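Me: Please take a close look at one part of this structure. How is it put together?

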Amino acid sequence: MKKVLIVGDSHAGALKRGIDILRSEKHLNFEVDFCAIGSRYGGFASLKISENRLMLPENHHELAGKIIYFVDKDEFLINKYDVIAVACAGPFPSPLDIRNYHCNGALLLSSELVSSIVFNLHRYKKIVSELFCLFPEKLVIIGAPPPSSLELSSTTIIERYQKSSLVRLYGQILDCCSKTCHSRTPKFLLPPKHLLAESLFQTKSKFMRKVPLGDNRFDYSHASEEYGVDVVKVLSDMIASR
Amino acid sequence: MGKNPYSDLPKSAFWKTGVSQENPYAIEGIYKKKFDIPPDAKIATAGSCFAQHISRHLKKNGYNVLDVEPPPPGLPENLHQKFGFSMYSARYGNIYTVRQLLQLAQEVACEWTPQNYIWEKNGKFYDALRPAVEPEGLDSTEEVAEHRQYHLSRVKKLFESLDLFIFTLGLTEMWVHKESGTVYPTAPGTLVGEFDDTLYEFVNAQFSSIKKDFNRFQKVLKKIRGGKSFKCLLTVSPVPLTATASGKHVLLSTIYSKSTLRSVAGQLSTPQAHIDYFPSYEIVTNPRMHSSAFSDNLRSVRDETVETVMKHFFEEHPAVLQREIVSSPLLHSSEKTKEDIQCEEALSEAFGK
């Protein structure tokens, strides 16, 4: 059986639930370890890579209670894995809350400005590019669904923004990779189309987690287990075809 | 010696004791405030580049400097200026001339509309009235117009809410669209656009027109505010001209420009109780400094000099201590925490711990 290491932030949660369901149905065709760290205090950007090892930060014991992390081990021997899948949020919509930057349906941030924000916001770019440079054949970027809470107040501006953000983020990852890793192209796992809204850049609201958060708020930032199941199936197919 | 009109005057009245023998870093009596600035006064800043220093130091010293177009969260601080954020109270870039300021207010008040203000360079489009705030330009003319409309709505908010308007007068020289009179902060073709002498002309503003423009600006501002009064603090930028288009030597043009602006500031502030003048220009160009106030290019004002200038300001308007630090209005820390909790909760639930 192929072995997969899923590295991520809270967005790894949907994959974990999807994997649990597929495993219980005996439909999982790979073994999996998780290294998922909550985004507070930097999330998995604090992981260290040394030679073949992916390790928790040295001070992780001090951080216990501050960072929520669910790792199966203190360190992972990367050579043991066939695939390293990264599941984490992009830089939107928060802390860049675009709703404060639009007027009469127009996005009030130039593409250059969005690009600067995206580039600087993506806290995981260093660790992801490091993993990619070291293990270009193993890395698969899954990402996270663009939060569909925005769909609720959907306007073309938001789609335009997300589209440009994603394209730019993708461009920056490629750019970063080509500069540091001699033009190798990372592999992206795209969610199946039925999960996506018409724009193909947002996830349909019904596939979001939506659990109540209090104050009449619901979680529209994280995907549901249904989403997780369908994405893990795509990951399974990808692994099987390798 | 018999009594004469000068015999009882303080040492600040004499060149020898007020300048030659005076410490240029602590000039006694050079600035006496006309009015107090209450700690909660809402301050708006604008003007030529020297105004940025004033704005920064006021913020640092706890004053309530408004920022109606704050940088988006996530934009690193070292890029704020590149995109025209955090420099002044709105994202209008440098307002070098009083005519430019007047036109901005008139535009906000819907009394006037700029013409020919979208310039193109290499397929990108720029707001010629603030070309530096988007250094790479925007993708379409429509986008420039939309951004401008939003900007104007924010400036309106600023004008409505300010208590004190600090303006640094920078230049008399300007480039104007012949047909409409639209004034640009930069010459066409320098940063963006293309110079065409059939479209644009050079104007070197005269004392009377600058004074008139500022008084008109005050009227428009008052109208925007529904008649609510406000206070003004004027300064003159000590930064010399980079270049002149007047046909005269740049030194002559600089002295003309600064002298005119200084006179206007004096003529505006002396008779009007709500306008104060702060002598940053004099502190920087004091001959006692032997030009050491400037960097090696004899143009940029050294940081230490700005400190000295502001020290004189804060002697009259002491720093506001223990001001509550207000977080970005666009993303409060409590919202951030909620978001973190939401993420952690999603993770905990999935991993069943």
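Reply: The count comes to 20 aromatic pairs over all chains (ring centres of Phe, Tyr or the six-membered ring of Trp within 6.5 Å; planes under 30 degrees apart are stacked, over 60 edge-to-face, the rest tilted). One of them joins B:Tyr31 and B:Phe278 edge-to-face, with 4.9 Å from centre to centre and 80° between the planes. B:Tyr31 sits in the loop between α1 (15-20) and β1 (43-47) of chain B, and B:Phe278 in the loop between β9 (275-277) and α7 (280-285) of chain B, so the pair ties together parts 247 residues apart in sequence. (Helices are DSSP runs of H or I of at least four residues, strands runs of E of at least two, numbered from the N terminus.)

The model is predicted: local features need pLDDT of at least 70 and side-chain atom pairs pLDDT 80 or more, while totals for chains, interfaces and linings use all residues. Residues are numbered from 1 along each chain, chains are lettered from A and ligands numbered from 1 as written, and side-chain values use heavy atoms, without hydrogens or water.

Now the sheets of chain B. Four strands of chain B form an open sheet in the order β1-β4-β8-β9, with parallel pairing (two strands pair if DSSP finds at least two bridges between them). β1 and β9 of chain B are at its edges with a single partner strand each, so one side of each has no neighbour in the sheet. From one strand to the next, the twist averages 20°. Within this sheet, β4 (residues 164-169) and β8 (residues 231-236) of chain B are joined in the parallel sense by six bridges. In β8(B), B:Thr235 stands opposite B:Thr168.

Another open sheet of chain B has three strands in the order β6-β5-β7, and its pairing is antiparallel. Its edge strands, β6 (183-184) and β7 (200-204) of chain B, each pair on one side only. β5 (residues 173-177) of chain B and β7(B) run antiparallel and share five bridges. B:Val176 has B:Glu201 of β7(B) as its bridge partner.

Next come the helices. α5(B) lies across β4, β8 and β9 of chain B and runs at about 150° to β8(B) (axes are lines fitted to C-alpha atoms, for helices over the stretch in contact; angles run from 0 to 180 degrees between N-to-C directions).

α5 (residues 207-224) of chain B also packs with α3 (residues 98-108) of chain B, at an angle of about 25° and with the axes 9 Å apart. That makes α3(B) roughly parallel to α5(B) (under 35 degrees is roughly parallel, over 145 roughly antiparallel, 65 to 115 roughly perpendicular, the rest oblique). Residues in the contact (heavy atoms within 4.5 Å) include B:Leu101, B:Leu102 and B:Ala105 of α3(B) and B:Ile210, B:Phe214 and B:Phe217 of α5(B). By class, the contact of α3(B) with α5(B) has 10 nonpolar, two polar and three charged residues (Ala, Val, Leu, Ile, Met, Phe, Trp, Tyr, Cys and Pro are nonpolar, Asp, Glu, Lys and Arg charged, the others, Gly among them, polar).

α3(B) packs with α4 (residues 141-161) of chain B as well, at about 95° and with the axes 9 Å apart. α3(B) and α4(B) are therefore roughly perpendicular to each other. B:Leu104, B:Ala105, B:Glu107 and B:Val108 of α3(B) meet residues of α4(B), among them B:Leu152, B:Val155 and B:Phe159. The contact of α3(B) with α4(B) has six nonpolar, one polar and three charged residues.
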